[in-house]
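Take a look at the chain below and let's walk through it together, a piece at a time.

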Amino acid sequence: MFGTLKAFAFIAATLSASVVLSAATASDGGMIITLPPRSKDVGIKKVPDAAHPYIAPGPNDQRGPCRKSPALNTLANHGYIPRNGIASFEEILAGTREGFNMDRDLAGFLAGFSIMARGNAFLNKLSIGSVSPQIPVVPGAIDGPAPPGGIAKHDRFEGDVSMTRQDFNIGDDVHFQISLFDEFLSAIEEFGDDNALHGPKSIVNMKVMQEFKFQRFQESQAADKTVSFHSSRIASSYNEAAFILTFFANGTDGLLSKQALTSIFQNQTFAPNWFRRSSPGTFDFIVDTAAEVLAPHPIQPGANVNGVYVLDPTDTSCNAAYSDFVLNNLPHTLNNVTNPTFKKNIQTLLKIVATPFGCPELLPAGPVGQ
């Protein structure tokens with residue numbers, strides 16, 4: 001099961017998004033995707049700096065739902081990724097590294113999968129929110145006639161058992177739900193640590209995450225007769241918790257205060273006197289932290305069928321989550337791309353997605369237009 005978790009953790013690399021080298025334009029009009037070298041600027045740093053002030057998003061700027069987007073929304077609000085919420089692979093890597101000190105391979109997996117699943121890999125564009133007129137239908141409409149849905153669209157990337165949104169089939173799966181965030185705050189009140197600076201029950205610790213995450217699964221499993229919690233969803237859900245513990249904590253002391261949590265989740269800005277972590281947060285570190293969150297209340301992959309949770313068959317692949325991501329959540333038509341730039345980008349991204357798992361590269365086998 002812990003091997004299954006080797007799958008998620010949210011989107012890093014070389015320079016601030018404002019100084020990322022422009023992607024190369026191919027002769028066919030596509031944008032060539034490249035994996036940048038690892039940055040040497042990997043130490044603790046005050047965020048935001050003077051060059052990245054908070055500016056509230058405008059009416060046409062894309063912002064996303066809360067499972068994966070508090071971090072991306074915050075980065076966009078400060079200009080670490082484009083403020084309009086339309087970003088390239090390289091811009092996402094650069095912004096997440098500069099803002100959160102996320103390791104390149106972790107960021108590469110998240111950005112690479114997202115662009116193939118919910119963006120336009122020919123033009124190297126991804127909406128951190130919903131459908132955008134800036135991102136057209138992919139060439140040949142190989143993933144259906146509609147434009148890419150952005151990471152807010154249900155399935156593939158977004159899914160059930162969110163911390164602060166309802167499941168797709170029972171409520172609002174896009175917008176922040178204050179009632180669910182209040183449950184999170186209640187868990188901090190019950191299980192959190194005291195702190196001389198921030199006060200009693202003010203620190204989000206491992207116990208908070210362990211209990212709150214399991215509570216949210218129980219709530220979804222009881223209320224949603226079709227809740228889906230397969231290997232990739234468990235991985236993304238629990239790596240979500242690991243991401244918050246790892247990347248939202250202040251780099252000065254490694255502690256995640258309720259103030260910092262609320263600032264990013266509700267206000268989508270960095271807390272005052274906040275520093276990014278002092279070393280890059282790696283894929284393996286996120287996976288190990290996620291496994292610790294899951295350990296007290298293990299959950300097996302499965303889904304509700306008429307309200308009854310049915311376990312998935314035992315997976316014997318190299319990594320169940322990786323297999324689920326690629327075989328069930330990337331459209332099989334990506335294998336049929338003939339345009340040179342589009343084909344090269346898909347090959348590049350598939351390799352990047354496979355790398356942190358240490359598994360043989362798989363080819364997409366999922367449905368079209370999901």
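Where is Ala141 found? Ala141 sits in the loop between strand E5 (126–127) and helix H4 (178–191), where helices (H or I, at least four residues) and strands (E, at least two) are DSSP runs, numbered from the N terminus. Before going on, note that this is a predicted model, where local features need pLDDT of at least 70, side-chain atom pairs count only at pLDDT 80 or more, and totals for chains, interfaces and linings use all residues. Residues are numbered from 1 along each chain as its sequence is written, and side-chain values use heavy atoms, with hydrogens and water left out.

Back to Ala141: its phi is positive, about 50°, although it is not a glycine. Ala141 counts as partly exposed because its relative accessibility is 34%; buried means under 20% relative accessible area, exposed over 50%, and partly exposed in between (1.4 Å probe, protein chains only). Lys201 is also not a glycine, yet has a positive phi of about 50°. Lys201 belongs to strand E7 (residues 199–204), and at 27% relative accessibility Lys201 counts as partly exposed.

Now for a proline. Val47 and Pro48 are joined by a cis peptide bond, with omega about 0°, and Pro48 lies in the loop between strand E3 (45–46) and H1. Pro48 turns up again in the surroundings of His78, a residue in contact with Pro48, His52, Pro53, Tyr54, Arg83, Thr269 and Phe270, leaving aside neighbours within four places in sequence; contact here means heavy atoms within 4.5 Å. His78 is in the loop between helix H1 (69–77) and strand E4 (86–87), and counts as buried because its relative accessibility is 2%.

Tyr54 also touches Asn267, whose contacts beyond four places in sequence are Tyr54 and Thr262. Asn267 is part of helix H7 (residues 258–267) and, at 46% relative accessibility, is partly exposed.

Next up is H8. Two packed helices are described by the angle between their axes and the distance between the axes. The axes of helix H5 (residues 206–223) and helix H8 (residues 283–294) come within 8 Å and cross at roughly 65°; axes are lines fitted to C-alpha atoms, for helices over the stretch in contact, and angles run from 0 to 180 degrees between N-to-C directions. H5 brings Met206, Met209, Gln210 and Lys213 to the contact, while H8 brings Thr289, Glu292 and Val293.

Which residues of H8 are buried? They are Phe283, Ile286, Val287, Thr289, Ala290, Ala291, Val293 and Leu294, and the buried residues of H8 pack against helix H3 (104–118), H5 and helix H6 (231–247). Phe285, also in helix H8, is partly exposed at 38% relative accessibility. Not counting residues up to four places away in sequence, Phe285 touches Thr246 and Arg277.

Finally, the largest pocket. Its lining has 27 residues, with His230, Ser231, Ser232, Asp312 and Asp324 nearest the centre. On a 1 Å grid over the protein atoms alone, a pocket is an open set of points where a 1.4 Å probe fits, with protein on both sides within 12 Å along at least five of seven lines, and lining residues have an atom within 4 Å of a point. H6 and helix H9 (320–329) each supply at least two lining residues, and H9 gives the most, with 4 residues.
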